[in-house]
Amino acid sequence: MYDYLVVGSGLYGAIFAHEAKAHGKSVLVIDKRPNIAGNIYTENIEGINVHKYGAHIFHTNNKKVWNYITQFAEFNRFTNSPVANYKGELYSLPFNMYTFNKMWGVVTPEEAAAKIEEQRKEITGEPKNLEEQAISLVGRDIYEKLIKGYTEKQWGRDCKDLPAFIIKRLPVRLTFDNNYFNALYQGIPIGGYTKMIANLLDGIEVRLNTDYLENKAALDALADKVVYTGPIDAYFDYKLGTLEYRSVRFENELLDKPSFQGNAAVNYTDRETPWTRIIEHKWFEFGKDENGNDLPKTIISREYSSEWKPGDEPYYPVNDAKNGALYAEYKKLAEAEPKVIFGGRLGEYKYYDMDQVIAAVLDRCEAELA
Ligand SMILES: Cc1cc2nc3c(=O)[nH]c(=O)nc-3n(C[C@H](O)[C@H](O)[C@H](O)COP(=O)(O)OP(=O)(O)OC[C@H]3O[C@@H](n4cnc5c(N)ncnc54)[C@H](O)[C@@H]3O)c2cc1C
């Protein structure tokens, strides 16, 4: 008999299991996938750690979280500086002085601010849709080249048909700063995320290819308590309805050349290119293998926005009133299950960055294991 059965070997499950073991509890971790690490799973192919469920960049302002996670991996100095490709013109992101210089030839922050101000004036009165909202924030040129096509591909609809509230702010930097995240700590675990999760799970029994919901009664009988990090609606057999997700489709390609785009992320901001962005995984680790040698090949992933339907991989929870209300009903059912802890991005139906998952599970551990 185990003290805890942890369903899911992602970041939430692995940290809970680690902490439970550290507190002298016995733990069994199961996962329905053939590998550990959940959505931060990285697979080493041709010496490159490929982020199989989408690019993951660790960033946080939370010192407690940073001090915790760096016990299990050394992080490199990767800084997210995406590039926008608009019909072959390349722009720095997020919008900053490099972007404005390329767009308008302006040189000083005053000139850039004046240009934006002049273009914003086009919209008078309350913006009626996303297009007007974006122009009222950054002006038409940036909207047309860097926002419109990308947003329309993401949502599958014209910006004129999208509500204004989707974009509340568009950060504009009047400095030469390409660092996408405003985070004190940022990086990629050297050797990949899977290794970091393996370190967390060191000495803990893990059973892969094991679906909890298919063997629920037998698995429940193995432990006093369950930590469930799968989808909350699936736990209750979708009896109140299905929670919706936004999806992404990845197309991976191995190329027999050392570099495809020279950067980890390039966003395609025109409407015609069908993918939203291309990730070139080797640049998360500066194009080197673990011994510091240059890698001769490269792997790219084209990302496409796609409609989600039940049965697809759940990626981003949909943050609207309908799904929020349905989740609230499921949460009530969850609270009536005293022996089950629901956690993580699927168990709590919440978009969590990795640092937020770590903070949440550490709080939960403090309450549960103290
Ligand atoms: C495309 C994408 C990109 C992202 N990029 C970033 C980023 O750059 N930076 C950042 O900080 N965060 C990023 N995130 C968020 C990050 O992925 C999450 O914070 C983190 O993975 C959540 O961990 P988790 O343990 O809650 O969930 P998961 O990693 O999803 O783990 C859940 C596990 O439970 C298992 N499971 C589910 N149901 C069952 C069952 N019935 N039986 C057995 N096992 C089951 C699953 O197989 C899975 O392994 C991104 C998310 C997405 C979707």
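Predicted model: local features only at pLDDT ≥ 70, side-chain atom pairs only at ≥ 80, totals over all residues.
Across the whole structure, a search finds 25 aromatic pairs. One of them is formed by Phe 58 and Trp 66, whose ring centres lie 6.0 Å apart with 35° between the planes, a tilted arrangement. Both Phe 58 and Trp 66 are buried. Tyr 212 and Tyr 228 form another tilted pair, at 5.8 Å centre to centre and with an angle of 50° between the planes. This pair links distant parts of the chain, the two residues being 16 residues apart. Tyr 212 belongs to the loop between β9 (205-207) and α8 (216-220), whereas Tyr 228 is in strand β10 (residues 223-228). Tyr 212 and Tyr 228 are both buried. They also belong to one aromatic cluster, together with Tyr 235, Phe 236, Tyr 330 and Phe 342.

Charged side chains are also found over aromatic rings. Lys 102 lies over the face of Tyr 91, 5.5 Å from the ring centre. In the case of Trp 155, the charged end of Arg 246 sits over the ring at 5.7 Å from its centre.

A further arginine, Arg 302, is part of strand β14 (residues 298-306). Arg 302 counts as buried because its relative accessibility is 15%, and the cut-off for buried is under 20%. The side chain of Arg 302 is joined to that of Glu 253 by a polar contact of 2.8 Å. Apart from neighbours within four places in sequence, the residues in contact with Arg 302 are Arg 249, Phe 250, Glu 251, Glu 253, Trp 275, Arg 277 and Ile 278.

Terms used: Residues numbered from 1 in each chain as written. Heavy atoms only, no water. Phe/Tyr/Trp six-rings, centres within 6.5 Å; stacked < 30°, edge-to-face > 60°. Buried < 20%, exposed > 50% of the residue type's maximum accessible area, 1.4 Å probe, protein only. Helix = DSSP H or I, 4+ residues; strand = E, 2+ residues; numbered from the N terminus. Lys NZ or Arg CZ within 6 Å of the ring centre and 35° of its normal. Polar contact = N/O pair within 3.5 Å; in protein donor to acceptor, adjacent residues only side chain to side chain. Contact = heavy atoms within 4.5 Å.
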